[in-house]
Amino acid sequence: MIRSPRFGLTLTLGSAQTLAWASSYYLPAILAVPMARELGISTSWIFGAFSAALLLTAMLGPSVGRWIDRQGGRGVLMASNGVMALGLAIMALSQGVFSLMLAWLVTGIGMAMGLYDAAFATLGRLLGRSARSSITGVTLLAGFASTIGWPLTALLENEFGWRAACGVWATLHIVIGLPLNARLPKAGDSTHHSNDEKSAPSPARPRLAMVLLAYVFAAGWFVSTAMAAHLPRLLQESGVSLSAAVAAAALVGPAQVAARLGEFALLRHLHPLVAARVATTLHPLGAALLATVGMPAAGFALLHGAGNGMMTIASGTLPLALFGPKGFGQRQGLIIAPARATQAFAPLLFGLLIESNGAGALWLTSGLMLFAALALLFIRVPR
């Protein structure tokens with residue numbers, strides 16, 4: 001079977017993204033406790049340092065996107081592997097709060113240069129508006145980052161300790177991640193890019209559309225991060241056992257992947273705005289059914305996971321479809337920056353809300369997503 005160059009591009013970037021997410025965003029869930037125990041500090045310091053890294057990622061996002069707009073993403077993504085490797089190496093050698101904070105801040109710089117925002121901007125720079133299928137493919141592959149990363153990190157920590165786990169991830173960035181990103185095409189003159197710039201319509205009120213999208217993705221990522229941190233506990237508050245809550249929460253990952261496959265198979269011929277509107281309604285729908293008709297916890301987890309999986313794709317495809325590839329990287333960074341900031345505070349804020357309201361905390365997340373669905377109704381498909 002002959003495979004297209006776009007298939008190779010998607011496979012290469014998706015594999016690199018899987019490594020990038022597994023070795024950064026998904027690291028604290030496994031290593032926070034052993035790190036804190038050995039360093040003699042509270043796990044709050046670990047998650048505080050991680051939140052600081054996410055805030056730094058949000059601040060740097062527009063600048064990284066602007067650089068990709070000008071120079072292409074290959075060099076930025078390659079550099080991200082070096083920066084992440086450095087951050088992980090410092091982490092492996094950390095002796096206290098200061099060095100740990102430094103390690104996470106360096107890793108945060110690498111995250112700004114090497115996670116989805118940079119990958120989507122790279123695809124937009126290379127493929128123009130036709131990047132939608134590649135963006136979906138990359139999120140499909142990287143959707144397994146936690147599936148691969150959590151067990152591998154846990155295995156390394158159990159066998160060799162958390163310092164060795166950080167060291168192995170640092171090494172993988174150099175021996176696997178860097179060569180993968182080095183295989184990406186250089187951004188020269190792109191036919192897709194130039195033709196799209198000439199013919200691409202934009203929304204009648206682009207600034208309003210950008211503000212609305214910024215809210216939509218900030219709400220979506222707040223809910224996603226809050227659920228990732230607290231879903232088993234939240235489901236227990238709704239009245240199910242711990243084992244049932246954990247089993248239900250485990251369905252979120254497969255639901256995300258299944259929804260991304262569905263988006264690719266069923267919705268790819270429709271404007272991404274349609275998929276985004278559907279995605280924003282699934283979490284509140286699941287919460288309403290859980291609260292009113294006693295839908296099983298697994299049903300809520302599946303609906304939430306499906307919506308979250310579709311929102312990840314929309315964060316790349318919707319701004320590209322609305323505004324076109326010209327300046328896409330910087331615009332993407334600006335739109336996603338509030339989402340990165342809310343993501344940093346979501347676990348703490350939602351945990352406090354569960355403490356005071358139990359399963360009633362779902363009213364907040366449902367309200368945020370319903371307002372996101374309303375915001376999307378004010379954005380019109382450009383003709």
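Reader: Which residues of α7 are buried?
Author: This is a predicted model, in which local features need pLDDT of at least 70, side-chain atom pairs count only at pLDDT 80 or more, and totals for chains, interfaces and linings use all residues. Residues are numbered from 1 along each chain as its sequence is written, and side-chain values use heavy atoms, with hydrogens and water left out. Buried means under 20% relative accessible area, exposed over 50%, and partly exposed in between (1.4 Å probe, protein chains only). In α7 the buried residues are R132, S134, I135, T136, G137, V138, T139, L140 and A142.

Reader: How many of the 11 residues of helix α7 are buried?
Author: Helix α7 covers residues 132–142. The helix is largely enclosed by the rest of the structure, because the buried residues number 9 of the 11.

Reader: Which residues does G14 touch, not counting those up to four places away in sequence?
Author: G14 sits in helix α1 (residues 5–22) and is buried, with a relative accessible area of 0%. Its C-alpha atom is separated by 8.9 Å from that of I135, 121 residues apart along the chain. With contact meaning heavy atoms within 4.5 Å, G14 touches V138, L141 and A142.

Reader: How many helices and strands does the protein have?
Author: Both are DSSP runs numbered from the N terminus: helices are H or I of at least four residues, strands are E of at least two. On that basis the secondary structure comes to 17 helices and 0 strands.

Reader: Which side chain of opposite charge is nearest to E157?
Author: E157 belongs to helix α8 (residues 145–160). Apart from neighbours within four places in sequence, E157 is in contact with L31, P34, W162 and A165. E157 is buried yet has no salt bridge, a salt bridge being a side-chain nitrogen of Lys or Arg within 4 Å of a carboxyl oxygen of Asp or Glu. At 4.6 Å, the nearest side chain of opposite charge is R37.

Reader: Are D117 and R340 buried or exposed?
Author: The side chains of D117 and R340 meet in a salt bridge of 3.2 Å, N to O. D117 lies in helix α6 (residues 116–127) and R340 in helix α16 (residues 328–357), so the pair ties together parts that are 223 residues apart in sequence. Both residues are buried.

Methods:
Lys, Arg positive; Asp, Glu negative; His and termini not counted.
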